[in-house]
Amino acid sequence: MSTTTSPPAPAPLSTTHHLLPLATCTPPSTARTWQTAPHPHLPLLATACADRTVRVYSLSNFALATTISGGHKRSVRALAWKPASRGASTLATGSFDASAGIWRKWEGGAGGDATSSDDFTHSHKTDEDEEEEEEEYNFASILDGHDSEIKSVAWSASGQYLATCSRDKSVWIWEELEDDDSFETVAVLQEHEADVKCVAWHPESDVLASASYDDTVRIYREDVDDWAQVARLEGHGKTVWWVEFEGSGMGRVLEAGVDGREGRRKVLEERERAGPRLLSASDDCTVRIWRKVVKEEEGGGQGTAGGVPSIFRKSIEEEWVTEAVLPLRHDRAIYAASWSRRSGMIVSTGSDGRIVVYKEQWKANEPKGVEKPVGVEGNEAATLTEWVVVAEIEGAHDVFEINHVCWAKRYDKGKRSEDEEVIVSTGDDGEVKVWTLEEVSSNNGGA
Amino acid sequence: MDPDKDNANPTILNPSDLPSRRANASLKKRDDGGTGLFDHLIPAYTYLNDPFDAPASASDSDDDVVEDIDEQEIYDLISTISDPEHPLSLGSLAVVNLPDIRILPPTTLKSPISTVVVEITPTITHCSLATVIGLGVRVRLEQALPPRFRVDVRIKKGTHSTDEAVNKQLGDKERVAAALENGTLMGVLRKMLATCE
Amino acid sequence: MSDIQLYLLDVDKNKKEASRIAEQSATRLQNNELKLVALIESLGEYINNEDFTIRAKAMAYLAEVLSFVPPKILSRHQRNLLCDFVLSRIADDGNGLGACAKALMALEERGKWDDERATAVTESLINNTHPLRQYKQQSERYPVLTLIDALMAKYRNALRTLHDTTPDFMSRFISYFDGEKDPRNLMVVFSILKVPMTEWAIGADAQELFDAVFNYFPITFRPPPDDPYGITAQDLKDRLRDCIASTADFAPYSFPALLDKLDSTSMNTKRDVLQTISSCVMEYGPRTVSLYSVTLWDALKFEILNSQEDDLAQEALTALGEIANTLSQGTTGSLNAYLRPVTKECNEHLEDAPTKQSQATGQILYQLSSVSPEVTNIILAIVLPNLFTLFQTADTIAKRRGLLEVYVKLVEANSKVFGEWRYLSKKADVDPASNALTEFNEQALQVMINGLTTAPIKEVSFRVVCLNGLLQSTKVRQLLKDEEITRIIQLFHDVVITEESHGDDEMKSAAINGLLEIAHQKPQLVVDRAFPAFMAELPDSDVDGSLSYIPVLEAFAKLSSEGAVFDTVILRLKNKLNAAIKQGASSAYLGALLTAILYALTQGSSKIEQATETSPYYEDIVVPLLSQVSSADPSLQLAFDNESTLDLVGRICNIIIRSQPSPSQSQIASSTYTLSSGLSQSDLPPFKLACSPQQTKWTIISAHLLAALRRDVPLPSEPQSLLNALISFSDQLSLSSPVRAASLCQISLIVNKFIPTSLLKQIIEPIFSSQSGLVDPRALNSSSVRVIFSILKGLVLRNSPLLNTLFPPLLSFLSDQNLGKLFAHGFATLLQPDDLLTKQNHCTISGLHKQKVFTLLVPEIATRVREADAETKPNYLIALSGILRWVPFAVVKEELETLAPLLLQSLDLEGEEVVKEAAVDMLEMLLTDLPKAVEGHVGSLITRLLNIAAPAVGKVPAAGAKGVLQDPARVRAVALKCLAQVPASLRTEIVLPYRRQVIKRLTGALDDRKRVVRTEAVKCRAKWLGVDDVGDDDE
């Protein structure tokens, strides 16, 4: 072998948590799997497969519940469950065949699972529905419009909008019409100069973020009755593969640590006003945390209050700045990173087959004008908090690349608390793996 | 006569000059410098390995000697790919060259992942087929190498007008995956790889 | 009813019967029972019937009758009457034209016409039935065409005059055939039109005539599956081509038209065009061709310089060659005019060598230079000066290589036209002195010698070209002087002997082959120059232990394959051997020398076999060797103490002796066991058990001697006693395995060659009787089992009926706890090829012995294996595959279908790699030749092969970790080969379900420890990836 110049090997570090394999969903797909989405309220996982199907696994026993097939002519690349849709499970899929699919299933048969029983009340279905819709996800409608592969789909928090993006450089926003199953295009956003890799919605208001092959992230919101780009986030050196908003009100995670220190309180207030942050993961092996800069005229939190356009026209331009760059633990492209809506931790993964979990904490000692991390805008938080790696695992999918990772509610027998979370990873080996995050005893992770 | 070719008259290397593993090295190393001319003369006499004794595993005693996958092996895998324009191999067109192939060891002790970096040299700087060739190389290696290898195919610096763009494309897993689902493109690739047998 | 009535009744439903009636009418005419007039009258009403089909049939009747009438029955007058009658029919009734033509044909055959008649017939046909295509029935047109064809053939002058005298005749004639589509008819049309093309003065009509045929170009037609006329597309192509090439008058039209079609995108059309151009060039002659030569060159060159299909390029080259060939029959001026642009352009392409086009240039120049000395000389004069200038100014070695490659091509062509030393050129009147190459020779030699000697060793291709160039030069008749050739020889052996080894040693092997080829042209020079050099490199002794001599020895021995120097090679090697023995060289060195001699002998075996009576090689080689081996001189004893050395001596003696006639063998036979020790045979093995270790080893030599003897040669001892002696000798457990094998082999030889069938039973049976200890289960041990099977082996080859009774009891041992394995391997050896039990060694080898063993054992084993318990089952499987692997596939084929499951089971055997390998091989054969036999078992086949090739499911074997239970690399590799065959042989729908699984599992094999295995894995995986997942193509 030749002597080589390989990227700097991350120093081995002592972590506060262990990532322990809980289960591998069975049977695995024989083809590559791209992405997995946990159901909003049922113990289900939906996985997008290169074999043109969607595999639905049960989170309570990790067995295959259903395979959804027949809708797409090429790989299913991305999928998303419609939130707030009790009674019916609605799944959106995006495929390399340039179309997006909407699948619907009345709940009850879903995953054949106890926890879903409480939904019957909401499910309004007649008897003859019962027969045909047993165990079946129906291809409700197909969304055509993109010229080439769809790479990501996302529902807005309210479930009112669906966003799709594609290699054709455009982001489309669709709105479901009252008479079910038909969608109309409300916006086609073409600011990006190349493939759009990922779209993500704000957890509270109708704000959309998109990441692209052109190395940038864009933010859009509705201005009067027209959607427009409001921010262009630059900083990544290569393709941005993933964007995701922080859950709302995550400030609470750090509350505990404030213990009356003024600086820390101010940081949290500022954050409250700015609203949920955004993370982006890139081919340049970094994960960046972006924060919206609150303009003076904007009243506290107003910007985040459902995005009601104010009466007086004011520039809709927003400024987003990099607040932090997570510790460098990956030496190949990072394909996905996910923000726990419960613990505020971030998990990231990618081509190098590693899964890394990070957590934000108050810096032990107040920095006195310390030098700031490069490329990071000056602001309190950047200097008062820090992101640390709490867990890391190598070769999580044997030697294969990992395409996606996310958090999900834990449902299996072994769960220890109502809100316990697991990490779900999806790899080129066609496997969907579920991990638990165990605190290393005799060490409560600092903060 | 095919004027629409990017390069109708490429320079051709002579097969003798292409790097190759010493022919018999893979079998038996001959320390005597002989070519084994006489070997077939002395057939394995029934007594040389007696059929009655359980077959001497000596025949493969060197079986646990590991032959690592090395640059030459990578070269042999891709140099036989044929150019989409000419009935010639990428090796003989010097599109792939041994010195431009590197195997990077795992970056951490625990990591099982090695990386193969191949830099290709298009026959001319504006060769519109550079991407296709690169794709061919990447596909070939992804098919022929164990999954513990990550494959990075790049255009050699300064050998192509738009090398950066091409590199980014070749590096984009998603685009490659989508390309492989495109029937026509796959057709071209199959033709290129057909000569690899 | 009259014949005509009967005929009309039958003609539609029963053609045969109708013909019979016509024939009968003919006979009646012949016997005067029927007057011609009457016949005609009887036709009357029908010929004028308003139903035209009736009219036609009536004519058909007449035609048939006439065709049955023997010659000389109808008078010239009658024939004329009939002729006029038929012509009148043609004139006023188109119906039954075919019949009319047949009738006329019949009449013509019954008496040659005069020119007027011929002309009249032709004219009336063309005037009354023009154009022929108006007759829709092919069967109507065909007779007309054949008739005209016949007329063209038989009445050439008459018709030519018709053409000459009638102005518009030609155009009517040509247009007459317009629009013919039927292949059979076209064949005729082409042959008709070829006559005017070649024989008439067509001047003004040339274009019309040309178009008439060229309209069909490129002609394509796919004969119907059951084509009764057997006309192929090729036939049509050929005739059409002949037409186009038929006359130089076409040139103005044909060449432009053809070149225009050359731009077609269809490879077939291009091929057609190129071939047609070649034939035109050949036919049109120098004067015409000279007008188009340059135009043609400009078009043809593209096919070569930018070739896509090699065979098209070749066609184009041929055409270029033909042009030169034709022109060199004409004026020098026209030849120069052609070669000037060619050479000019070639010179240009040389400038950017080495490129695709400079390579093509080489081909062009080669093709042209091969035409004639004249062309060669012209080309050399123009190209070489430029080539060498470019060479001197070249900035890269690659470029110099490219240029020399072209030069070598020119030299090769040169030896084709000017001949080689040992072969005169085909052209008789070639004067080597006129060879223009001579002029550049010196410069060329200097350049190449320089390149060879000074270029860095890693510049393989460049040096190979230099070497090849020099070699080619040495061949050309009277080109080089002997000193020059000698110099080259020296360079070559320097490469072989002194040069350090590099890469695949392409240079060395090229140099050796070079020497061989020179030795073929100029043996003496090689012997004088190279041999001493080689000998000098071979030490008399290798006390220093260096192995440097091996490559030299190999190279030298190779030279023996050139008959001209064979004897000298042998002689030198022998002397070297003696020297080495005297100097007390190591047995390794002696071994090497002996091997070299053996190799040389096998190379020249033809020479040895000619040897009648006592071959000189016997006296020169065998006698001395044997006396040395058996000498009491301790130094010699030491030299020949080594078993493999003795084996080599044995082989050498064997190869020389075996071809000698019985009489001379008989003199040798007596000393088979004593060699030339002078001892008494009874004191030596096998007759005496306790002998000196050295004498015991002689058994190896005696085995080879015994093998060499013809069947009718008397043995040194009476067969039975000798056999028994050998049996007890082999039964000693103390023997070294070479010696044992040798004596066992002698047993097989005796049994096979020297026991007459008459005595076989009485000699063999006692040995296997329960009294004799040999097969007594309590006494059986590894050595006695070996003896048993060595006897069986002898019997098997001569296909002895004894086997029917001998096998069954032995089979039952397979289920024996202790001996089972031993017997299993025994059975496995039965058909194993042995290099002493061969036809050349005069063994009785029945063509059917393999089938015999197969039928005697396999079915039996197959049934027993099913009862066998887990412990002994492997024994059966081992025996089974051990036999199967040597039986011709054709024989096994049918059985294999049923045996497939057993083969699959053998894949599970632990440790029995040989068995597994055999089983895999057979399964692969099955897959290729009889896929359906495997279809049923695909699943288990695939799984088992995967288990062998990619063990430890999914997991990548940690580098270096030796899979304890894993099969050796060789077996893993064949398993992958076999697995690759699966998708190749079985229908997609069968293999598709396994595709994903296999592809995934194979990633394990891709990471195998061994390169050979990985290579196979890659191929295999590619095959499986190729299995088209129908879904994969988009919509």
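Start by selecting Asp215(A), in the loop between β15 (207-212) and β16 (217-223) of chain A. Check its backbone angles: phi is positive, about 75°, although Asp215(A) is not a glycine. Keep in mind as you click around that this is a predicted model.

Now jump to Arg52(A), which sits in the loop between β3 (44-49) and β4 (54-58) of chain A. Here too you'll find a residue other than glycine with a positive phi, near 75°.

Zoom out and color chain A by secondary structure. Chain A has 447 residues, and buried residues make up 60% of them. Take the contacts in chain A with a separation of 6 or more: 63% of them are between residues 24 or more positions apart.

Among contacts in chain B between residues at least 6 apart in sequence, 68% join residues at least 24 apart.

Show chains A and B together and look at where they touch. How many residues does each chain bring to the contact? Chain B gives 28 residues and chain A gives 39. Together they bury about 2800 Å², with carbon and sulfur atoms giving 52% of that area. On the chain B side, select Lys173(B), Glu174(B) and Glu181(B): these lose the most area to chain A, together 27% of what that side buries.

In total, 10 salt bridges are found across the interface of chain B and chain A. There are also 20 residue pairs in polar contact across this interface.

Which elements of chain B give two or more residues to the side that touches chain A? Highlight β1 (96-104), β3 (149-155), α3 (163-171) and α4 (173-179) of chain B. The largest share, 5 residues, comes from α4(B). Color this side of chain B by residue type and you get 10 nonpolar, 6 polar and 12 charged residues.

On to chain C. Select residues 40-306, where UniProt, in an unreviewed entry, places the feature "domain: MMS19 N-terminal". That span is 72% helix and 0% strand, and its end C-alpha atoms lie 70 Å apart.

Inside that stretch, go to the loop between α12 (206-214) and α13 (233-244) of chain C, where you'll find Pro218(C). A cis peptide bond joins Phe217(C) to Pro218(C), with omega about -10°. Then hop along to Pro686(C), in the loop between α34 (662-669) and α35 (693-708) of chain C. The bond between Pro685(C) and Pro686(C) is a cis peptide bond, with omega about 0°.

For the last stop, select Val526(C) in helix α26 (residues 523-537) of chain C. Its relative accessibility is 0%, so Val526(C) counts as buried. Leaving out residues up to four places away in sequence, Val526(C) touches Ile489(C), Leu515(C), Ile518(C), Ala519(C) and Phe531(C). Draw a distance from Val526(C) to Ile489(C): they are 37 residues apart along the chain, yet their C-alpha atoms are separated by 6.7 Å.

Note on methods:
Residues are numbered from 1 along each chain as its sequence is written. Chains are lettered from A and ligands numbered from 1 in the order in which they are written. This is a predicted model: local features need pLDDT of at least 70, side-chain atom pairs count only at pLDDT 80 or more; totals for chains, interfaces and linings use all residues. Side-chain values use heavy atoms; hydrogens and water are left out. UniProt positions are given in the numbering used here, feature names are shortened, and annotations may be inferred rather than shown by experiment. Helices (H or I, at least four residues) and strands (E, at least two) are DSSP runs, numbered from the N terminus. Contact means heavy atoms within 4.5 Å. Buried area is the accessible area (1.4 Å probe) that two parts lose on being put together, summed over both. A salt bridge is a side-chain nitrogen of Lys or Arg within 4 Å of a carboxyl oxygen of Asp or Glu. A polar contact is a pair of N or O atoms within 3.5 Å; within protein, one must be able to donate a hydrogen and the other to accept it, and residues adjacent in sequence count only if both atoms are side-chain atoms. Ala, Val, Leu, Ile, Met, Phe, Trp, Tyr, Cys and Pro count as nonpolar, Asp, Glu, Lys and Arg as charged, and the others, Gly among them, as polar. Buried means under 20% relative accessible area, exposed over 50%, partly exposed in between (1.4 Å probe, protein chains only).
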